[in-house]
Amino acid sequence: MYNSPIACEDSLVSLQNELRTIIVQIAQRLGYPRSLGEIYGLLYVSENPLSMDQITAELDMSLGSASQGLKTLRSLKAVKTQQVSGVRKDFFVAETNFRHLVSGFLREEILPELDATRAKISHLESLGTELSDEQTAFFKPRIEQ
């Protein structure tokens, strides 16, 4: 079966757009701004590394927004920089290994929350020392859970 170049191009663009939309939705469900999902989605569907200029142009995004989004994505280990031969600027590629993405998310988002929660639980436990025996029997299991 012969697929015309135009049909192939249309199918490619549709696939890229749908995939980018899904990535944006996932990012938003995780509490990240839409722009972060848009940047990652663009890099994820791009066959070649993209420069900051290309990202801002493609997404019609300010330089500041793109820079902040890339900084966050780099801290999450969701994107990497890549040098392009003969060009003196950074190019970016998406990390496609989801194990790395999940571990980056856990390290940057979940673990700090757990540490903060541990401190809050310790404080709650110290408040519990001043309760009556009945109140302690009620609240201690709830605090532990």
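Which residues make a nonpolar surface patch of about 400 Å²? The patch is made by Val102, Leu106, Ile110, Leu111 and Leu114. A patch here takes in residues with over 30% relative accessible area and no salt bridge, with nonpolar side chains (Val, Leu, Ile, Met, Phe, Trp, Tyr) joined within 5 Å and like charges within 9 Å. A salt bridge is a side-chain nitrogen of Lys or Arg within 4 Å of a carboxyl oxygen of Asp or Glu, and accessible areas come from the Shrake-Rupley method with a 1.4 Å probe, with only the protein chains shown counting as cover for residues.

The model is a predicted one, in which local features need pLDDT of at least 70 and side-chain atom pairs pLDDT 80 or more, while totals for chains, interfaces and linings use all residues. Residues are numbered from 1 along each chain as its sequence is written, and side-chain values use heavy atoms, leaving out hydrogens and water.

Helices (H or I, at least four residues) and strands (E, at least two) are DSSP runs, numbered from the N terminus. At 40% relative accessibility, Leu114 is partly exposed, a label for values between buried (under 20%) and exposed (over 50%), using a 1.4 Å probe and protein chains only.

Now for the sheet. Three strands form an open, antiparallel sheet in the order E1-E3-E2. E1 (50-51) and E2 (79-83) are the edge strands, each pairing on one side only. Two strands pair if DSSP finds at least two bridges between them. E1 and E3 (residues 90-94) share 2 bridges, and Ser51 stands opposite Phe91 in E3. E2 and E3 pair over 5 bridges, with Gln83 partnered by Asp90. The hairpin of E2 and E3 has 6 residues between the strands, and Gly86 there takes a positive phi near 85 degrees.

Helix H3 (residues 52-59) has Met52, Ile55, Thr56 and Leu59 as its buried residues. They cover an arc of only 95 degrees around the axis, so they sit on the same side of H3; the arc is that of the directions from the helix axis to the C-beta atoms. Just after H3, Asp60 takes a positive phi of about 50 degrees.

Finally, the aromatic rings. Rings of Phe, Tyr and Trp (its six-membered ring) pair if their centres lie within 6.5 Å; planes under 30 degrees apart are stacked, over 60 edge-to-face, and the rest tilted. The count is 1 aromatic pair. Tyr40 and Tyr44 have ring centres 5.7 Å apart and planes at 40 degrees, so the pair is tilted. Both lie in helix H2 (residues 34-45), 4 residues apart.
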